[in-house]
Amino acid sequence: MNPASVVVIGNFDGVHKGHQEVLRVARSLEPGARLVAVTFWPHPMSVVRPGSEPRLLSDLDQRVELLRAAGADVVEVIAFDRALMSMQPEDFLEACISPLNPVRVVVGQNFRFGHRASGNVETLRAYGAGRFEVTGLELLVNEHKTTSSTEIRRLLDEGMVAEAAHHLGRPFRFAGTVVMGHQRGREFGFPTANLPVPAGFAVPAAGVYAGWLTLMHQPDAPAWPAAISVGTNPTFDDVPAVVVEAHALDHDDLELYGVAVAVDFVERLRGNVKFDGIPALIDQIAADVVRTRQVLGVD
Ligand SMILES: Cc1cc2nc3c(=O)[nH]c(=O)nc-3n(C[C@H](O)[C@H](O)[C@H](O)COP(=O)(O)O)c2cc1C
Ligand SMILES: Nc1ncnc2c1ncn2[C@@H]1O[C@H](COP(=O)(O)OP(=O)(O)O)[C@@H](O)[C@H]1O
């Protein structure tokens with residue numbers, strides 16, 4: 001039998017401050033129990049109503065890593081398929097939660113589960129009576145807005161990355177493997193690490209941002225201050241899809257092709273501009289770099 005556990009359940013997309021609070025409370029209410037985070041992959045909406053699923057704030061690897069950083073001892077990833085979608089709430093609890101041997105389950109007050117989202121905190125409480133405690137937490141409010149993955153996606157759509165960071169408890173991060181672009185950046189004096197945006201993932205609105213470029217999977221890897229561009233480079237007509245590009249300041253000799261990197265968005269600087277010529281674009285990027293130093297407080 002599994003050791004006694006305190007269980008949190010959710011999609012946990014982005015592992016924002018509200019999610020972090022659920023984990024924190026779970027730990028503080030049951031300090032002696034193993035903290036298990038149960039999450040679903042793929043996103044339930046992609047199975048319930050394909051095409052209506054939200055763009056994700058993080059991929060599964062990031063989500064697991066963030067849940068562990070937020071205190072989970074174990075992350076249980078449940079494959080969300082049509083069979084799971086059709087389960088009655090009690091059947092889901094019997095099949096997926098009871099085997100974890102919970103002493104308590106902690107969820108947000110608005111948690112819904114089971115066929116047609118018919119299960120809620122009350123269903124959980126009724127099922128748990130005599131078996132485990134249930135805590136339904138009030139949703140976290142940040143500057144008069146309830147923290148939610150939906151609100152964070154909305155802020156990113158507006159380019160409001162600093163506000164998104166308030167809800168996330170850290171800057172929004174976009175991670176990927178560096179691909180080759182059109183080899184212009186070096187020529188301009190501003191080489192950029194280019195990251196394609198896979199379908200289904202959220203990125204900030206097209207524009208220019210100050211932030212950080214980090215190497216992934218390397219403990220103690222440096223985080224370089226970076227000027228970041230998101231968009232299709234409207235000055236040119238040869239970039240068909242949105243790209244995230246980051247120029248690491250003062251390091252023009254990096255070799256990043258094929259390397260896994262992460263870009264952290266700190267503040268929006270401006271929108272994307274279609275320049276008349278390359279000199280105007282280069283002047284503007286130079287100004288963006290100056291502004292990036294100011295925003296990040298680096299020399
Ligand atoms: C800080 C920064 C700001 C940028 N702003 C714009 C812009 O306003 N308009 C635009 O067309 N491209 C912009 N770009 C993208 C450049 O066009 C792109 O980096 C350059 O063409 C190199 O492309 P490559 O990586 O495909 O070689 C910007 C790039 C950076 C690093
Ligand atoms: N300071 C830097 N910031 C980002 N990438 C850099 C930097 N210095 C060198 N590079 C390397 O140069 C490549 C970018 O050069 P660039 O001419 O912009 O080519 P591309 O069109 O492939 O983006 C990056 O993929 C990376 O390997």
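**Exercise 1.** Identify which members of the largest nonpolar core touch the most other members, and state which elements supply this core.

*Solution.* Step 1: the core has 30 residues, and L156, L213, I228, V244, V263 and F265 touch the most other members. A nonpolar core here is a set of buried Ala, Val, Leu, Ile, Met, Phe, Trp, Tyr and Cys residues joined through side-chain atoms within 4.5 Å; buried means under 20% relative accessible area (1.4 Å probe, protein chains only).
Step 2: elements that give two or more residues include the helices α7 (149-157) and α8 (161-168) and the strands β10 (207-215) and β11 (223-231). Helices are DSSP runs of H or I with at least four residues, strands runs of E with at least two.
Step 3: β11 gives the largest share, 4 residues.
Step 4: a separate second core of 24 residues includes V36, L84, L93 and L100.

The model is predicted; local features need pLDDT of at least 70, side-chain atom pairs pLDDT 80 or more, while totals for chains, interfaces and linings use all residues. Residues are numbered from 1 along each chain, chains are lettered from A and ligands numbered from 1 in written order, and side-chain values use heavy atoms, without hydrogens and water.

**Exercise 2.** List contacts of I228 beyond its neighbours within four places in sequence.

*Solution.* With contact meaning heavy atoms within 4.5 Å, I228 meets, among others, Y209, W212, V244, V263 and F265.

**Exercise 3.** Describe the polar contacts of ligand 2 with G181, H182 and Y257.

*Solution.* A polar contact is a pair of N or O atoms within 3.5 Å. Step 1: a ligand 2 oxygen lies 2.6 Å from a polar backbone atom of G181. Step 2: for a polar backbone atom of H182, the distance is 2.9 Å. Step 3: an N or O atom in the side chain of Y257 is 2.6 Å from a ligand 2 oxygen.

Notes
Buried < 20%, exposed > 50% of the residue type's maximum accessible area, 1.4 Å probe, protein only. Polar contact = N/O pair within 3.5 Å; in protein donor to acceptor, adjacent residues only side chain to side chain.
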